[in-house]
Amino acid sequence: MSKRADQPRVPDRPLPRPEGLDAEFYAWCGRGELRFQRCGTCRAWRHLPRVLCPSCGSDQWTWEPSTGRGVVWSWTTTHQQFESGMGSRLPYASVVVELEEGVRVVALLADDFASTDLRLDLPVVVEIEVISDEIGLLVCGPSRHHP
Amino acid sequence: MSISGASAVVGIAETDYVRGSTVSNLERMLRTAQHAVADAGLTMSDVDGVIPPPGFVTVEELAANLGIESLRYSSTIAMGGASSTATLQTAAMAIATGVAHTVLCVVGWDGYSAMRSGAAATRGTDRPPSGPNPMTRTLSQYYRPYGVRVPAQFYSWLFNRYKLLHGVPDEAAGAVAVACRNHAQLNERALMRGRPLTLDDYLQARWVAEPLRLFDCCLETDAACAIVLTSVERARDLRHAPAVVLGVAEAHPYPADDLLSRRDPLRIALSDAAPRAFAMAGISPHEVDLLEIYDCFTYVVLLQLEALGLCGPGEAAGFVADGTIGLGGRYPLNTHGGLLSQGHMWGMNHVVELVRQLRHDAGPAQVPNAEIGVVTGWGDFGDGSVAVLARAR
Ligand SMILES: [Zn+2]
């Protein structure tokens, strides 16, 4: 008897189940690398992943590394449970970071970072919490080299 | 060819707004459709266009049950909460071009009951639970892994930035919540009738997702609404004062499938739609007698007041102060109670209320001598729609 039926099951944090270009994005994250698509023709960065460059229409692109440096664009601190897998973290801050490359990403606020310290345009770094070979999730931490 | 002034809303109907219903959503929509056609003084044989809502029912099912034998036109607008007002544009185009003569638009849902039956997954997602959805990929792959699943959360990214950029006090959203609740006290169909709300109650309420507190969020409701449009010529021979479609427009943010990769996510789609609708109507936004503004959340109202051109960017807090949006004020807002205090009916209840006001049939909530009003819709990741309706002279 390896599993006990009366043990309450703690739901897991929701994970992406990416396909196609989304899977490529998360596979880089699974290797601990934050990369975004960059157009091979006009050099524009983009996120979310797209098949064509919305700026110039080109289908040429590569996954290029981001510095991970950026500023806080906005955030929300969730108090009500909408997601059972996040219940143990309530309240938690989901942060929108505008990266140096110009793209914006969502990241969960790092455990050692208080949501009350968040400000618009606060310098932060986006780091990766590796979940598996296929997936890494983004974490918003304090900038270590405050200007 | 212009669609301005070519068509009018001539029939309206709505159910009560309840939580828990013994009637199926299909039956509720069918009954409401019958009532709207009867309200117009027409019969089903007059109806040759049907616009059903996305996800809840097919046009075939509606037409078969209602005995609409000579259907010439149908379409469905998939803009979430912006669909109902955008429906006016599609119906007006069909009528102005002669493609259809009389168009029935109906929407209904178990916004409360269905969400309670184990469907916590879709709770508050502000979308029908089925069908292709432009938000699914973005939500599941890029928002949900970070705990963001429902509109109260992802819209809050916009609300929080808007609030901080412009120094908007909590009392501004509170003024919207309180105005809607006050108006609901005058509406026997409103879910929140008999449950008044003070600004202090608003400020004391628990957080949902900052900056949203409990009373910033609309009500999950079981209900249905229907409207009937026909040509202005035919409308003049019918029972009620026609509510003429003077101006109407929709707009889609770019890109519409992600809130965050837009050049300026705070520039909402209504900013593009509103000038087109007012130009078509030939009026300034300051000429309207009342406002029926889509209010899934209080802050969405503030953003839309600015996008309509009623005030400048960041100025909505001043606009809603001092009773301006209450009955008796210059711009009475959501005179039925809105999604916030009447119930969530995809904004078709806003269209119904505007028509009722223009008929001078709104009872204790009547805006004296209402001649012209504006109704908006907001849906999905910020799709926008707007219509200017006027009482026929
Ligand atoms: Zn390009």
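How much area is buried between chain A and chain B, and what percentage of it do carbon and sulfur atoms give? The buried area is about 3300 Å², of which carbon and sulfur atoms give 50%; buried area here is the accessible area (1.4 Å probe) that two parts lose on being put together, summed over both. This is a predicted model, in which local features need pLDDT of at least 70 and side-chain atom pairs count only at pLDDT 80 or more, while totals for chains, interfaces and linings use all residues. Residues are numbered from 1 along each chain as its sequence is written, chains are lettered from A and ligands numbered from 1 in the order in which they are written, and side-chain values use heavy atoms, with hydrogens and water left out.

**Fold of chain A**

- Chain A contains one helix and eight strands, where helices (H or I, at least four residues) and strands (E, at least two) are DSSP runs numbered from the N terminus.
- The order along the sequence of chain A is α-β-β-β-β-β-β-β-β.
- The C-alpha trace of chain A spans about 60 × 40 × 25 Å along its principal axes.

**Interface between chains A and B**

- In chain A, 35 residues are in contact with 37 residues of chain B, contact meaning heavy atoms within 4.5 Å.
- There are 30 residue pairs in polar contact between the two chains, both residues being at pLDDT 80 or more; a polar contact is a pair of N or O atoms within 3.5 Å, and within protein one must be able to donate a hydrogen and the other to accept it, with residues adjacent in sequence counting only if both atoms are side-chain atoms.
- On the side of chain A that touches chain B, at least two residues each come from α1 (20-30), β4 (69-78), β5 (92-99), β6 (104-109) and β8 (136-142).
- The largest share of that side, six residues, is supplied by β4(A).
- By class, that side of chain A has 21 nonpolar, eight polar and six charged residues; Ala, Val, Leu, Ile, Met, Phe, Trp, Tyr, Cys and Pro count as nonpolar, Asp, Glu, Lys and Arg as charged, and the others, Gly among them, as polar.

**Salt bridges**

- The whole structure holds 21 salt bridges over all chains, each being a side-chain nitrogen of Lys or Arg within 4 Å of a carboxyl oxygen of Asp or Glu.
- Between chain A and chain B the count is four salt bridges.
- One of these pairs R50(A) with D257(B), whose closest N and O atoms are 2.8 Å apart.
- R137(B) forms a salt bridge with D22(A), with the closest N and O atoms 2.6 Å apart.
- This pair crosses between chains, from helix α5 (residues 136-143) of chain B to helix α1 of chain A.

**Zinc site**

- The protein donors of the zinc ion are the SG atoms of C39(A), C42(A), C53(A) and C56(A), lying 2.3 to 2.4 Å from the ion; donors are N, O and S atoms within 2.8 Å of the metal (3.2 Å for Na, K and Ca), and water is not among the atoms, so sites may look incomplete.
- C39(A) in strand β1 (residues 35-39) and C53(A) in the loop between β2 (45-46) and β3 (61-65) link distant parts of the chain, 14 residues apart.
- The arrangement is tetrahedral because the four donor atoms subtend angles of 102 to 116 degrees, the criterion for four donors being that all angles lie between 85 and 135 degrees.
- Along the chain, the donors follow the spacing C-x2-C-x10-C-x2-C.

**Backbone features**

- The peptide bond from H47(A) to L48(A) is cis, with omega near 15 degrees, and L48(A) lies in the loop between β2 and β3 of chain A.
- A cis peptide bond also joins L90(A) and P91(A), with omega about -15 degrees; P91(A) lies in the loop between β4 and β5 of chain A.

Notes. Tetrahedral: all angles 85-135°; square planar, octahedral: opposite > 155°, others 65-115°.
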